[in-house]
Amino acid sequence: MTEEKKLEIEEKIVEMLKTVFDPEIPVDVYSLGLIYKIDLDDDGNVNIDMTLTAPNCPMGDFLFEDIRQKVESIDGVKSVAVNLVFEPEWDQSMMSDEAKLELGML
C-alpha cells in the first residue's frame with residue numbers, strides 16, 4: 001500500500017470515528033479525545049487504541065462494535081482491532097474545542 005493510499009484511508013478512518021457517539025454524551029468519540037492511537041499497516045489491518053470516559057462505562061461494548069463495523073466498511077481496510085486502554089487516564093482536557101463548546105464548557 002502506498003503512503004498516499006494509507007493517508008487517504010487514515011483520513012477516512014477519522015471521518016468514520018466522528019460518526020460514533022457515546023449515547024450518553026452528544027459528542028463523537030474522536031472529538032471527545034477517546035481515540036489515543038490509530039495504526040494502519042500495509043495490509044489494511046487497523047489497530048485502534050481508545051479509552052472510555054469512565055472505566056465502568058456501560059456503553060463500552062456498544063462503542064467498540066460500532067467502531068469496528070464502521071471502520072471495516074472503509075474500502076482498503078481488511079480488519080479492525082479495538083483495544084481498550086486506560087493509560088493515560090482520560091480527562092476533559094483531551095476534548096476538542098468543538099466538543100467543549102457542544103457541551104457548554106467554553
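Here Lys and Arg count as positive, Asp and Glu as negative, while His and the chain ends are left out of the tally. By that count, the protein in this predicted model carries 9 positive and 25 negative side chains. The centres of these two sets of charges sit 5 Å apart.

As for the fold, the protein is built from 3 helices and 3 strands.

Next come the overall dimensions.

Packing and surface can be read together. Of the 106 residues in the protein, 38% are buried. Among contacts with a separation of 6 or more, 63% link residues 24 or more positions apart. The accessible surface amounts to about 6,200 Å², and carbon and sulfur atoms account for 48% of that.

L106 lies in the segment that comes after α3 (97-102). Is L106 buried or exposed? L106 counts as exposed because its relative accessibility is 64%, and the cut-off for exposed is over 50%. Even so, L106 has partners: setting aside neighbours within four places in sequence, L106 is in contact with D97, K100 and L101.

Technical notes:
Residues numbered from 1 in each chain as written. Predicted model: local features only at pLDDT ≥ 70, side-chain atom pairs only at ≥ 80, totals over all residues. Heavy atoms only, no water. Helix = DSSP H or I, 4+ residues; strand = E, 2+ residues; numbered from the N terminus. Buried < 20%, exposed > 50% of the residue type's maximum accessible area, 1.4 Å probe, protein only. Contact = heavy atoms within 4.5 Å. Areas by Shrake-Rupley, 256 points an atom, 1.4 Å probe, with all protein chains shown as cover. Charge placed at Lys NZ, Arg CZ, Asp CG, Glu CD.
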